[in-house]
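Here is a short briefing on one protein model. Keep the sequence and the 3D view open as you read.

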Amino acid sequence: MRHGDIWYVTFGPHKADDSAAGIARSTRTFKSEVDAKLFAMQILSKGLTASAVTLNPHQPKQVVGPSQIESWADPGLGG
């Protein structure tokens, strides 16, 4: 983790994707919510799944699960 990062995005294949067996989930950290959202949109466009969370000690704690990630990341959907 780089100094000053406040968001991380975890990403990987959908659990139901049998062809992705053996592919591990990965995580990247970001200094801003905007950067995390841009990265999440790139991941979603590749057909992968993602979630985002603020890093401690950033407050308030924010958790964006896979079912909410698209609306959070896409400004056209209210993100």
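Helices (H or I, at least four residues) and strands (E, at least two) are DSSP runs, numbered from the N terminus. Threonine 29, for example, is found in strand β2. The model is predicted. The protein has two helices and four strands. From the N terminus on, these elements run β-β-α-β-β-α.

**Overall picture**

- The protein has 79 residues, and 34% of them count as buried.
- Take the contacts between residues at least 6 apart in sequence: 56% of them join residues at least 24 apart.

**The aromatic cluster**

- How many aromatic pairs does a search of the whole structure find? The search finds three.
- One of the pairs joins phenylalanine 11 and phenylalanine 39. The pair is edge-to-face, with 5.2 Å centre to centre and 75° between the planes.
- Phenylalanine 11 lies in strand β1 (residues 7-12), while phenylalanine 39 lies in helix α1 (residues 33-45). The pair therefore ties together parts that are 28 residues apart in sequence.
- Both phenylalanine 11 and phenylalanine 39 are buried.
- Phenylalanine 39 also pairs with phenylalanine 30. Their ring centres are 5.2 Å apart and their planes are at 40°, so this pair is tilted.
- Is phenylalanine 30 buried or exposed? Phenylalanine 30 counts as buried because its relative accessibility is 6%, and the cut-off for buried is under 20%.
- Phenylalanine 39 is buried too, with a relative accessible area of 8%.
- Ring pairs link Phe11, Phe30 and Phe39 into a cluster.

**Helix α1**

- Which residues of α1 are buried? They are Ala36, Lys37, Phe39, Ala40 and Ile43.
- What covers the buried residues of α1? The cover includes β1, β2 (26-30), β3 and α2 (69-73).
- Just after α1 comes glycine 47, which takes a positive phi of about 85°.
- Most residues other than glycine have a negative phi, and most peptide bonds are trans.

**The loop between β3 and β4**

- Proline 57 is found in the loop between β3 (49-54) and β4 (63-64). Proline 60 is in the loop between β3 and β4 as well.
- Is the peptide bond from asparagine 56 to proline 57 cis or trans? This bond is cis, with omega near 5°.
- The peptide bond from glutamine 59 to proline 60 is also cis, with omega near 0°.
- Proline 57 counts as exposed because its relative accessibility is 73%, and the cut-off for exposed is over 50%.
- Proline 57 and isoleucine 6 are 51 residues apart along the chain. Their C-alpha atoms are separated by 8.4 Å.
- Glutamine 62 has its place in the loop between β3 and β4. Glutamine 62 is partly exposed, with a relative accessible area of 29%.
- Glutamine 62 and tryptophan 7 are 55 residues apart along the chain, and their C-alpha atoms are separated by 9.1 Å.
- What does glutamine 62 contact, leaving aside its neighbours within four places in sequence? Its contacts are Trp7, Glu33, Ala52, Val53 and Thr54.

**Threonine 29 in β2**

- Return to threonine 29, which is in strand β2. Threonine 29 is buried, with a relative accessible area of 19%.
- Which side chain does the side chain of threonine 29 make a polar contact with? The partner is the side chain of aspartate 5, at 2.6 Å.

Methods: Residues are numbered from 1 along each chain as its sequence is written. This is a predicted model: local features need pLDDT of at least 70, side-chain atom pairs count only at pLDDT 80 or more; totals for chains, interfaces and linings use all residues. Side-chain values use heavy atoms; hydrogens and water are left out. Rings of Phe, Tyr and Trp (its six-membered ring) pair if their centres lie within 6.5 Å; planes under 30 degrees apart count as stacked, over 60 as edge-to-face and the rest as tilted. Buried means under 20% relative accessible area, exposed over 50%, partly exposed in between (1.4 Å probe, protein chains only). Contact means heavy atoms within 4.5 Å. A polar contact is a pair of N or O atoms within 3.5 Å; within protein, one must be able to donate a hydrogen and the other to accept it, and residues adjacent in sequence count only if both atoms are side-chain atoms.
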